[in-house]
Amino acid sequence: MATDAVIPSDRLKAALAAIDQANADDPHTIEVDGQARPKEQAHAELMTEWVQRLDPDAHDAQLVAARAHHLRRWALPRSDYPEGRSGYLRWRTAQAKRHAAEVADIVTAVGYDDAFAADVSAIVAKRGLATDPRVQTHEDALCLVFLQTQFDELADKLGDDHMAEVLAKTLAKMSPAARRIAQDLELSERAAALLEAASG
């Protein structure tokens with residue numbers, strides 16, 4: 001039967017499978033569709049799905065970046081760095097360097113070149129957010145996965161007032177199309193109310 005769907009190359013399949021395998025060891029879990037899953041593996045799959053939905057013509061680099069955006073994130077805990085913004089920024093910088101190196105190893109091992117690896121790293125690092133539509137798609141997908149999977153847990157920690165501020169910042173990073181999609185997500189009653197208020 002004829003189809004317009006894009007068939008992933010063997011190289012892309014191998015890269016995604018290697019990333020999934022690397023993320024399978026995550027000791028943290030989240031529940032997705034009633035099933036406990038390794039957190040970063042589940043997040044990565046959702047990210048890939050959103051990128052494909054937002055950009056049906058997404059290139060291999062976008063899909064690999066989506067799958068690897070938090071590759072083995074637990075391996076470098078935030079608790080290894082000091083509290084506060086300075087410590088957070090140091091941790092985030094270290095994570096970005098580690099992600100870039102590990103993703104490069106994976107993609108070159110399955111046949112992609114160094115330029116492809118650098119492109120993936122640039123998308124993961126969200127370089128060119130204001131000028132590269134691929135990076136905006138990546139950011140939109142990140143925000144949608146956050147709303148889907150982390151909203152209620154974070155709201156419990158922060159409280160509704162602080163969560164409203166987080167939501168306002170999240171929505172400001174999203175494209176108009178992604179903000180419209182966010183309104184149709186299946187969220188808890190509390191999350192939906194906070195999102196509606198933040199959307200103004």
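**Figure 1. Overall fold of the predicted model.** Read along the sequence, the chain runs α-β-β-α-α-α-α-α-α-α-α-α. The coordinates are those of a predicted model. In total the protein chain has 10 helices and 2 strands. Its radius of gyration is 17 Å, close to the 16 Å that the globule rule gives for 200 residues, so the chain is as compact as a globular protein of that length. The C-alpha trace spans about 50 × 50 × 40 Å along its principal axes. Buried residues make up 42% of the 200 residues. Of the contacts between residues at least 6 apart in sequence, 61% join residues at least 24 apart.

**Figure 2. Helix 2 and the elements that cover it.** Helix 2 takes in residues 39-54. At 1.5 Å a residue, its 16 residues should span 22 Å, and the C-alpha atoms at its ends are 22 Å apart, which agrees. The buried residues of this helix are Glu-40, Gln-41, Ala-42, His-43, Ala-44, Leu-46, Met-47, Thr-48, Trp-50 and Val-51. They are covered by elements including helix 1 (10-23), strand 1 (29-32), strand 2 (35-38) and helix 3. Helix 6 (133-149) and helix 9 (176-183) are also among the covering elements.

**Figure 3. Asp-60, a buried charged residue in helix 3.** Asp-60 is found in helix 3, which covers residues 60-67. This residue is buried yet has no salt bridge. The nearest side chain of opposite charge belongs to Arg-11, 5.1 Å away; a salt bridge needs the nitrogen and oxygen atoms within 4 Å. The side chain of Asp-60 does make a polar contact of 2.7 Å with the side chain of Tyr-112. Leaving aside neighbours within four places in sequence, the contacts of Asp-60 are Ser-9, Leu-12, Tyr-112 and Phe-116.

**Figure 4. Arg-67, also in helix 3.** Arg-67 lies in helix 3 and counts as buried, with a relative accessibility of 12%. Its side chain is joined to that of Thr-48 by a polar contact of 3.0 Å. Thr-48 is itself one of the buried residues of helix 2. Apart from neighbours within four places in sequence, Arg-67 is in contact with Leu-16, Ile-19, Asp-20, Asn-23, Ala-44, Glu-45 and Thr-48.

**Figure 5. Val-120 in helix 5.** Val-120 is found in helix 5 and counts as buried at 0% relative accessibility. Beyond its neighbours within four places in sequence, Val-120 is in contact with Ala-61, Val-64, Ala-65 and Val-103. Leu-195 is 75 residues from Val-120 along the chain, and the C-alpha atoms of the two are separated by 31 Å.

Figure 6. A search of the whole structure finds 10 salt bridges. In one of these, Asp-119 pairs with Arg-134, with the closest N and O atoms 2.9 Å apart. Asp-119 lies in helix 5 and Arg-134 in helix 6, so the pair ties together parts that are 15 residues apart in sequence. Asp-119 counts as partly exposed, at 24% relative accessibility. Arg-134 is also partly exposed, with a value of 24%. Asp-119, Asp-132 and Arg-134 are linked in a network of salt bridges.

Figure 7. An α-helix has 3.6 residues a turn, so residues three or four places apart point the same way. Glu-102 and Arg-98 both lie in helix 4 (residues 84-109), 4 residues apart, about one turn of the helix. Their side chains meet in a salt bridge of 3.2 Å, N to O. Glu-102 counts as partly exposed at 24% relative accessibility, while Arg-98 counts as buried at 15%. In helix 7 (residues 151-158), Lys-157 and Glu-153 are likewise 4 residues apart, about one turn of the helix. Lys-157 forms a salt bridge with Glu-153, and the closest N and O atoms are 3.9 Å apart. Lys-157 counts as exposed, with a relative accessibility of 62%.

**Figure 8. Two loop residues with positive phi.** Asp-33 is found in the loop between strand 1 and strand 2. Although not a glycine, Asp-33 has a positive phi of about 55°. Asp-33 counts as exposed, at 82% relative accessibility. Lys-126 lies in the loop between helix 5 (114-124) and helix 6. Lys-126 is not a glycine either, and its phi is positive, about 60°. The relative accessible area of Lys-126 is 31%, which makes this residue partly exposed.

Conventions
Residues numbered from 1 in each chain as written. Predicted model: local features only at pLDDT ≥ 70, side-chain atom pairs only at ≥ 80, totals over all residues. Heavy atoms only, no water. Buried < 20%, exposed > 50% of the residue type's maximum accessible area, 1.4 Å probe, protein only. Lys, Arg positive; Asp, Glu negative; His and termini not counted. Polar contact = N/O pair within 3.5 Å; in protein donor to acceptor, adjacent residues only side chain to side chain. Contact = heavy atoms within 4.5 Å. Expected span 1.5 Å × (residues − 1). Rg over C-alpha atoms; globule rule 2.2 N^0.38 Å.
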